[in-house]
Amino acid sequence: MGAMSQPGPSSQPEPGVGKGRLTYGSYLRVPELLSLQQELSSPAHHDELLFIVSHQVYELWFKQMLHELRAIAEHLDGGRVTRASQLFERVHAVQSLLTAQIPVLETMFSVEFARFRDRLRPASGFQSVQFRLLEFFSGRKNERMVTLVGDDDRAREQMLAALAGPTLYDHLMRCLAGHGVAIPADVLGRDTRLAYAGDARVAEALAPVYRDSHGRFDLFRLCEHFVEYDERLAIWRFHHVQMVERMIGGMAGTGGSAGARYLSTTLWGKLFPDLWAVRDRLADAGAQAAAEGGTGAGGRSGG
Ligand code: HEM
């Protein structure tokens with residue numbers, strides 16, 4: 001190697017051992033983090049570490065997603081559509097990771113999983129509090145989960161608060177109303193404790209935004225971020241249930257459900273039904289654009 005490729009001692013970072021200096025390890029709490037993977041199998045099965053790490057990584061990303069979605073809600077309340085959309089890009093990227101990491105766990109053979117699976121009972125991903133918080137905030141509210149999942153008072157409190165409060169979609173409705181979209185007053189003032197099953201009047205109110213997707217691009221794009229979020233979560237669910245079938249076939253889950261059969265029932269509901277229903281109202285968008293002599297931009301350029 002030549003002299004140029006050999007950094008001198010002065011170009012090396014100074015050692016940060018002790019003396020209370022901030023280091024990579026102390027800032028990120030690496031020693032604590034690396035002490036949190038405790039296998040239950042004895043002697044530890046080689047694949048159990050992968051199983052634990054995978055789930056822990058999910059929980060970290062769930063934390064990040066909740067952080068971003070709460071910030072998105074604040075931006076929506078403040079009418080900051082572009083900023084909300086920008087953070088949604090991040091959420092989608094994280095969602096892609098969540099699905100992309102399933103094949104890592106699938107490198108574990110089902111016969112190997114069977115060698116330590118019994119030790120995990122009755123623990124299950126079903127009990128992920130953060131996953132339920134994500135679901136509730138995304139509009140899939142289910143009060144029964146509080147007793148089924150909440151394993152401590154703080155978790156229960158968080159879940160009850162999420163059950164009572166507005167969903168991300170409620171924030172969207174208010175934001176759209178603030179930007180002149182004709183969202184019905186009773187939808188804006190709805191009892192947020194209740195599940196929202198969709199409303200044809202909202203889909204009707206959204207249709208002009210979609211038809212004028214160029215002219216009202218910011219609002220249109222924001223709505224599409226919601227759809228993308230919904231779709232990506234569904235894709236994760238689908239891949240998860242495939243993995244479950246591959247790992248445990250038709251057996252019951254460690255959490256006590258009917259396993260893949262139960263999970264299949266969670267696949268098809270839409271989080272934001274109005275945003276899917278609006279598509280049914282766009283059949284005439286092409287004809288309308290032609291009549292206006294444009295490309296759907298309402299005769300305007302740019303956007
Ligand atoms: C070997 C891999 C896995 C298997 C065999 C598996 C199996 C299952 C089963 C059978 C259920 C249904 C509840 C039950 O009775 O236990 C379930 C639910 C769930 N699992 Fe997994 N899982 C695996 C990996 C993961 C990973 C890596 C995550 C990431 C956090 C995860 C998150 C969840 C969640 C959130 C639920 C609840 C879904 C719902 O109720 O809609 N699972 N899993």
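Trainee: Which helix gives the most to the shell around the ligand?
Mentor: H13 does, with 5 residues. Helices here are DSSP runs of H or I with at least four residues, numbered from the N terminus. Keep in mind that this is a predicted model: local features need pLDDT of at least 70, side-chain atom pairs count only at pLDDT 80 or more, and totals for chains, interfaces and linings use all residues. Residues are numbered from 1 along each chain as its sequence is written.

Trainee: OK, and which helices each supply at least two residues of that shell?
Mentor: H3, H13 and H14 (260–264).

Trainee: Which residues come nearest to the ligand?
Mentor: Of the 24 residues around it, Ser124, Gly125, Gly253, Gly255 and Ser257.

Trainee: What's the shell like by class?
Mentor: There are 11 nonpolar, 13 polar and no charged residues. Ala, Val, Leu, Ile, Met, Phe, Trp, Tyr, Cys and Pro count as nonpolar, Asp, Glu, Lys and Arg as charged, and the others, Gly among them, as polar.

Trainee: Switching to H4. How far does that helix reach?
Mentor: H4 covers residues 81–100, and its 20 residues reach 29 Å from first C-alpha to last, close to the 28 Å expected. The expected span is 1.5 Å times one less than the number of residues.

Trainee: Which of its residues are buried?
Mentor: Val81, Ala84, Phe88 and Val91. Buried is 20 or more other C-beta atoms within 10 Å of the residue's own, exposed is 12 or fewer, and partly exposed is in between, with C-beta atoms placed from the backbone.

Trainee: What covers the buried face, then?
Mentor: The cover for the buried residues of H4 includes H3, H10 (168–178) and H13 (217–248). Contact takes C-beta atoms, placed from the backbone, within 7 Å.

How values were computed:
Two residues are in contact if their C-beta atoms, placed from the backbone, lie within 7 Å. A residue is near a molecule or strand if its C-beta atom, placed from the backbone, lies within 6 Å of it.
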